[in-house]
Amino acid sequence: MIPILEIKNLNKFFGGLRALKDISFNINQGEIIGLIGPNGAGKTTLFNCVAGIEKPTDGRITFSIDDRAFSIGGRKPETVTALGIARTFQNIRLFDNLTVSDNVKIGRHCRTRSIFFGAVIRSKFQRTEEKMITESAEQFLEFVGLKGRGQEIASSMPYGDQRRLEIARALATEPRLLMLDEPAAGMNPQESRGLTKLIHRIRDEGITVLLIEHDMKVVMGVCERVVVINHGEWLAEGVPQDVQNNPKVIEAYLGTGAADAAQAG
Amino acid sequence: MDKPISPNLTRGAKIRIGLLILALVLPVLPLVSDYLLHIIILIFLYMILSLGLNIVPGFNGLLDLGYVGFYGIGAYTSGLLTYHFGLSYWVIIPLAFINGAIWGILLGAPTLRLTGDYFAIVTFGFSELVVLFLTNEIWLTRGPLGLPGIDVVSIDLTLFGGPKWEFVGEVPYYYLALCMVLVTVFVMYRIQDSRLGRAWFAIRDDEVAAVSCGINLLTYKVIAFAISAAFGAVGGSFFARWVTFLSPDMFKFWESFLILCMIVLGGMGNIWGVMIGAALLVSLSEVLREILPLFGLPAEVRFLAFGLIMVLMMRYRPAGMLPIPAVAAQMRAGRTKRKKEKPVAGLKS
Amino acid sequence: MFLQQLVNGLVIGGIYAMIAVGYTMIYGVIQLINFAHGEIYMLGAFFAITFISFLSLPFYVAFPLSMACCAICGVLLDIVAYRPLRRSPRLAALITAIGMSIFLQNLAMIIWGSRPKPFPQEALPAYFDTTAVSFGGVNLSWFHIFIFGLTLVMMIGLNLIIKKTRWGKAMRAVAQNQTMAALAGINVNRVISYTFALAGALGGAAGIMVGAYYNSIYPTMGYVAGVKAFAAAVLGGIGSVPGAMLGGVVLGVAEAFGAGYLSSLYRDGISYAVMIIVIILIPAGLFGRVLKETKKSM
């Protein structure tokens, strides 16, 4: 089985600063993978390289679906999204002043076609497409638990709901791989549990999930495999329990000597 | 967004219907002189131009300083085609639309990838070059002498064995302009509530989020610019056939600035705001044009008022008189593009 | 012909350079294209003829006095129009700048009338007209020497100020990073005012020289000159003072040759074309940094 995402020897320099160093790992279809590491480890940079916001300095990223492989390092973000990789942002990037419904509808952009003449003349094609956009937007909102909230303004929603909205918008692009950047940040335990359930349901729809997360409860509860990076380098990989007890990982988070202390204590 | 038509119309809708009825019967009302009709036609023309310009800063958030270039290109193309080939107005209008769009694409494609300041400057340079061209290429445009004797609009049914009816006086132009405004407003509303409009608003609100939804920034910005230019050219075509005389100094930068004032004053991005801005500034301009010479000042000085208005507007009400929330948020002092932080102390990954 | 055009080009190029450094310095510290800068240049010329004609001041007094007035105008422009918008988005600041430009042009029209005025030639030193140097069929008058010399002195002076003085260092600090400059104890607003004063003084000087040399002063003279100087600043790399100086000279010479050999009708068009081409092809110009878009954090 070919992995849905293969990252091989990924390097990223920002001027003289090396943000990613020879990172390699794979993600298989249908997995829920956690990407963890201390602050500044390079996790969001990695997301950005995959999503096309940043261009890798070196290395290969290969996205494979339906027996076709696409090399996506250095492609533009809109191309990557059209290919089937969606992402959310660490600092939520919604269209603040548009309605909840419009936010999700915009997510449908890459799967629809009408432009000027369709808009003005309202051809049959355009009307059918617009109807589909509206209906599917409602479905995605319902899927994430925001049913009926379509007419609210995005920025007026509570924080946790904004996160859900961003996920709904990402889902609306019909991704095969969904990358979530700290989705549980700022959530209380109840919201985190809801998020965990949502991620499981997303995977049940056949979407592979890669998430950056600091909340270990969420990571333990939802990730089947975890990849740990530190200082831009791959550190460890495995099921959550193993990674949690890995001395190198403990050291990375808590500093040298902590691993021994953990073992002794 | 298909709501059933409720029997109780909103106040806004009632006002608009009232205005429409007023507009339809205006020419036959007593006390309505040709001069007044002329002013209102001017208002209609600037409404079309303002709605066209509104697409770029209002819907997309980019500053276009060269709008008069498209207006001039449209006017002169229309004027010359009429003058040399006697083309019918009804053929020229779609041609003008396409011509404007082509120029918009030609100018926009290499420049819309630039940052906002540079883009504004390049559009400004473009419109200045257009004026220079119109002034200097005397073999084509008769330069500063101007292009007189452009045919009036006519409805020519001779091909079908009918009469040819030429527009005489202001009244036929009034109704023509009114129709054109209504069509323009209709098109703007349709775009606003469509995939294209949403893509533009996404770009205006957050470009990074927009690309992550699959929107190609350059493509959609060029489309916006092209449609904006198309309406500018259509406005110019009407202008040429209405005043039947063109000269290059009608298309200087001040026109661009004036139209920009209209949309800023009225409320960028807001279709009705922009139209009200046009009505207000044209009226103000005419009033000042009459009053200033009484104080011994040249009429051009009315631009001083506009400059002052813009400075004050930016200071106190940058989103205009009828602001829309998206643009108000954009123009508010202190707003940076930095997005929300997590409520918990968040650090970069 | 060649040498004549070269001389013309260098004269006008020096003028453009003096105006261009104003644009570039202001852009450096507040990231704003000061559309009204051309109007300060225009006011310099008007102040000079007003001082000479109405107050009967001699030329060598009117000149620095006008420069000082322009410096004050620049500072006022910032305080009144731009400072309140310091935290506003660029669109608002740009519109304000254009608004001020139009306002000042028309204010000048009200005060001094829109018809071009001659420069009171009798106020200029008599020897300005006489030839100082002659070579290759070209006569350089003392007036030419004066303009060259003054431009050169001011450019050198500006460079010294920026490199050697405390104020210059503060300006460079603010241009690099306003927040850090403030944290380092620099009074950012004061530095910005100082920049406007410098820019205004130089622009005013340019205006006086142009007005005297071409013997024609009118309220809209700042408009075209301003755009061209801005083109020069872009050519040199906006934000770079040496770039603006070089850009000014290059543009002036290009314009002179273009007008002389290609087409005098499109004299102004050369600047616009240069500007557009430079912006599209090499936005960083000869020396400079690309206009920054504030980078959004992910």
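**Three chains, one predicted model**

Hi everyone, let's start with chain A. Its domain assignment gives domain 1, covering 1–84 + 175–192 + 206–240, and domain 2, covering 94–174; these bounds come from an automatic or database domain assignment.

Some housekeeping before I go on. This is a predicted model, so local features need pLDDT of at least 70, side-chain atom pairs count only at pLDDT 80 or more, and totals for chains, interfaces and linings use all residues. Residues are numbered from 1 along each chain as its sequence is written, while chains are lettered from A and ligands numbered from 1 in the order in which they are written.

Back to those two domains. Taken over C-alpha atoms, the centres of domain 1 and domain 2 of chain A are 26 Å apart. Where they meet, nine residues of domain 1 of chain A are in contact with eight residues of domain 2 of chain A. By contact I mean that the C-beta atoms of two residues, placed from the backbone, lie within 7 Å. On the domain 1 side of chain A, the largest share, three residues, comes from helix H2 of chain A, residues 77–83. Helices here are DSSP runs of H or I with at least four residues, strands are runs of E with at least two, and both are numbered from the N terminus.

Leaving aside neighbours within four places in sequence, Leu83(A) is in contact with Phe63(A), Phe70(A) and Ile72(A). Phe63(A) is 20 residues away along the chain, and the two C-alpha atoms are separated by 8.7 Å.

Staying in chain A, strand S4 (residues 58–65) and strand S5 (residues 68–71) pair in the antiparallel sense over four bridges; two strands pair if DSSP finds at least two bridges between them. Ser64(A) has Ala69(A), in S5(A), as its bridge partner. S4(A) and S5(A) form a hairpin with two residues between them, and Asp66(A) in the turn has a positive phi of about 50 degrees.

On to Asp102(A), in helix H3 of chain A, residues 100–107. Asp102(A) counts as buried because 23 other C-beta atoms lie within 10 Å.

As a whole, chain B has 14 helices and two strands. Its radius of gyration is 21 Å, close to the 20 Å that the globule rule gives for 349 residues, so chain B is as compact as a globular protein of that length. The radius is taken over C-alpha atoms, and the rule is 2.2 Å times the number of residues to the power 0.38. Of the 349 residues of chain B, 50% count as buried.

One helix to pick out is H12(B), residues 271–291: its 21 residues reach 30 Å from first C-alpha to last, close to the 30 Å expected, where the expected span is 1.5 Å times one less than the number of residues. Its buried residues, including Ile271(B) and Met275(B), pack against H2 (34–60), H7 and H11 (253–266) of chain B.

Finally, chain C. Its secondary structure comes to 11 helices and two strands, and 52% of its 298 residues are buried. The C-alpha trace of chain C spans about 65 × 45 × 35 Å along its principal axes.

Thanks, and I'm happy to take questions!

Terms used
Buried ≥ 20, exposed ≤ 12 C-beta atoms within 10 Å, placed from the backbone.
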